[in-house]
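Colleague: I would like a close look at a single part of this model. Please set it in its surroundings as well.

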Amino acid sequence: MAVISRGFHGRARDKGHELPPGQYETTGFPVLSAGPTPTVSLDDWEFTVRTETGVRYQWNWQELMALPSETPTVDIHCVTKWSKFGTRWQGVSLDVLLANVESGAEYALVRSYGDYTTNLPVEDLLDGKAWIVHRFDDEELPAEHGGPARLLVPHLYFWKSAKWVRGIQLLDEEELGFWETVGYHEYGDPWREQRYQGD
């Protein structure tokens with residue numbers, strides 16, 4: 001007999017939260033990484049946006065901290081089937097970072113310290129959908145959760161919210177990232193259970 005996990009039907013939860021299909025709620029914050037945790041000093045940290053024509057836009061840590069910040073509270077959903085409700089973050093919206101970037105690219109490849117990559121459509125980084133976050137639960141973001149800064153794209157499975165983020169390459173054609181090249185879905189919508197290629 002198949003075992004059906006709690007929340008398989010996406011039923012409503014306390015405080016109006018809802019689980020995507022196949023997910024279960026956790027109150028912890030599991031740590032999952034594909035390799036060792038990189039150590040990045042704030043003096044060396046930088047974030048670069050490179051357009052499809054090769055133009056670079058760059059911020060160091062002090063410049064990032066000087067930008068207007070937001071404090072999104074969002075639910076997050078991991079492809080390994082856990083969901084965590086009401087997570088609190090602080091960071092800079094991608095709308096701010098990309099506001100003066102001249103580009104017609106439709107795709108983005110996010111790059112991290114440690115050489116991890118993940119791909120997203122540019123439209124999923126805009127209109128209040130994504131942030132570069134540096135604080136979690138009113139504390140500096142711990143390294144095991146992607147500190148000093150990570151991407152946060154809560155409407156997609158959490159592997160798209162790349163840890164230890166260092167930049168975004170804007171592309172005319174989609175280029176798959178690390179997990180996407182080994183069989184994970186190229187988009188990763190938890191409400192459509194897009195876990196693996198073909199889902």
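How many helices and strands does the secondary structure of the protein chain come to? And where does Trp-164 lie, in which loop?

Modeller: This is a predicted model, in which local features need pLDDT of at least 70 and side-chain atom pairs count only at pLDDT 80 or more, while totals for chains, interfaces and linings use all residues. Residues are numbered from 1 along each chain as its sequence is written, and side-chain values use heavy atoms, with hydrogens and water left out. The protein chain has 3 helices and 11 strands; these are DSSP runs numbered from the N terminus, with helices being H or I of at least four residues and strands E of at least two. From the N terminus the order is β-β-β-α-β-β-α-β-β-β-β-β-β-α.

Trp-164 sits in the loop between E10 and strand E11 (165–171). Its phi is positive, about 50°, although Trp-164 is not a glycine. Most residues other than glycine have a negative phi. Trp-164 counts as buried because its relative accessibility is 7% (buried is under 20% relative accessible area, exposed over 50%, partly exposed in between, with a 1.4 Å probe and protein chains only). Of the 199 residues of the chain, 47% count as buried.

Lys-81, in the loop between strand E4 (73–77) and strand E5 (82–93), also has a positive phi, about 95°, without being a glycine. Lys-81 counts as partly exposed, because its relative accessibility is 39%.

The loop between strand E9 (139–140) and strand E10 (150–152) holds Pro-148. There, a cis peptide bond joins Gly-147 and Pro-148, with omega about 15°. Most peptide bonds are trans.
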